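Biologist: I would like to learn how to read a model like this one. Could we take the features in turn?

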Amino acid sequence: MKKPLIALATVAVSAAVVPSLASAQAAAPASPLTGNLTITSDYRFRGISQSFRLPAVQGGIDWAHSSGVYLGNWNSSVSGNQYPNGASLEMDFYGGYKFPVGKDVTLDVGALYYYYPGAFYNGFTGKPKYDNFELYFGGVMGPFSAKLFVAVTDFFGLDTTTGGKSSSGSYYVDLNYSTEIAPKLTVGAHIGYQNVRNYSSLSYIDYKLGVTYDWTGWLLSAAIVGSDADKNLYFATDSSGKIKRLGETGLVLSIGKTF
């Protein structure tokens with residue numbers, strides 16, 4: 001899932017394997033556990049690079065019950081330039097419930113916690129953390145999907161200490177379309193809007209257009225990803241003083257597999 005976020009300029013931000021018997025004639029039942037592993041040229045979260053526009057390694061595990069209840073964990077390397085003092089790691093924990101409400105329509109409600117081990121904002125007393133908690137509600141209808149995320153904590157640590165005001169109640173609207181245009185070849189389009197409560201200059205639109213090819217179980221993806229986020233706010237600087245604009249449009253390549 002995922003999945004992750006902004007680095008605010010002013011504060012350094014910015015399967016289980018189911019055994020089968022050779023003699024068995026029927027297929028073994030599907031496992032409720034699945035895992036995933038991805039290598040990407042740039043970890044983009046809502047259009048904003050989390051890896052200083054450098055490659056990232058990602059992976060997770062999901063458990064899904066036949067009732068519609070699910071739990072999962074997803075992890076990614078992130079840039080220490082954007083999430084300083086910690087393990088340069090994002091860990092997401094989530095759970096929810098999916099249920100059909102009609103033909104080809106499925107709703108999804110759940111909660112998602114973003115955890116950055118050891119990371120905290122520089123220059124502030126109390127070592128304020130980037131951790132964030134959101135609730136979400138969405139649905140899928142054929143090739144279309146939509147989801148609304150609402151932060152019930154201050155948005156990735158942006159509060160009265162780090163920014164002057166609380167950002168709890170920030171929300172993100174996620175709209176997607178995907179369809180198979182040829183055997184094993186899928187095209188997808190996305191547009192989203194991130195609202196940051198009490199910080200209108202940090203609100204922005206992001207977009208993505210890409211293709212994915214299923215090559216013997218490996219998913220090969222290429223996408224154009226970008227945003228209209230303020231370049232003067234969404235940037236990060238490394239130890240040598242090099243600056244990178246985190247929301248600029250760019251090509252993102254990835255290879256991944258679910259097992």
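Modeller: Start with a hairpin. β10 and β11 form one, with 2 residues between them. This is a predicted model, so read each feature as part of a prediction.

Biologist: Which residue in the turn has a positive phi?

Modeller: Begin with the general idea. Most residues other than glycine have a negative phi. Here, Lys 184 in the turn has a positive phi of about 70°.

Biologist: How many bridges join β10 to β11?

Modeller: There are 11 bridges, and the two strands run antiparallel. β11 covers residues 185-195.

Biologist: Which strand does β9 join, and through how many bridges?

Modeller: β9, residues 144-151, is joined to β10, residues 171-182, by 7 bridges. This pair is antiparallel too. Find Phe 149 and look across to Tyr 172 in β10. Then find Ala 146, whose bridge partner in β10 is Leu 175.

Biologist: In what order do the strands close into a barrel?

Modeller: The barrel has 12 strands, in the order β1-β4-β5-β6-β7-β8-β9-β10-β11-β12-β13-β16. Their pairing is antiparallel. From one strand to the next, the twist averages 20°.

Biologist: How many helices and strands does the protein chain have?

Modeller: It has 0 helices and 16 strands.

Biologist: What share of the residues counts as buried?

Modeller: Of the 259 residues in the protein chain, the share is 39%. The chain exposes about 13,000 Å². Carbon and sulfur atoms supply 63% of that area.

Biologist: Back to phi. Where does Arg 46 lie?

Modeller: Arg 46 sits in the loop between β2 (44-45) and β3 (48-49). Its phi is positive, about 50°, although Arg 46 is not a glycine.

Biologist: Is Arg 46 buried or exposed?

Modeller: Compare the relative accessible area with the cut-off. Buried means under 20%. Arg 46 has 7%, so it is buried.

Biologist: And what is the phi of Arg 53?

Modeller: Arg 53 has a positive phi of about 55°, and it is not a glycine. Look for Arg 53 in the loop between β3 and β4 (56-64). Its relative accessible area is 34%, so Arg 53 counts as partly exposed.

Biologist: One more loop. Where is Thr 162?

Modeller: Thr 162 is in the loop between β9 and β10. Its relative accessible area is 9%, so Thr 162 is buried.

Notes
Residues numbered from 1 in each chain as written. Predicted model: local features only at pLDDT ≥ 70, side-chain atom pairs only at ≥ 80, totals over all residues. Heavy atoms only, no water. Pairing = 2+ DSSP bridges. Helix = DSSP H or I, 4+ residues; strand = E, 2+ residues; numbered from the N terminus. Axes fitted to C-alpha atoms, helices over the stretch in contact; angles between N-to-C directions. Buried < 20%, exposed > 50% of the residue type's maximum accessible area, 1.4 Å probe, protein only. Areas by Shrake-Rupley, 256 points an atom, 1.4 Å probe, with all protein chains shown as cover.
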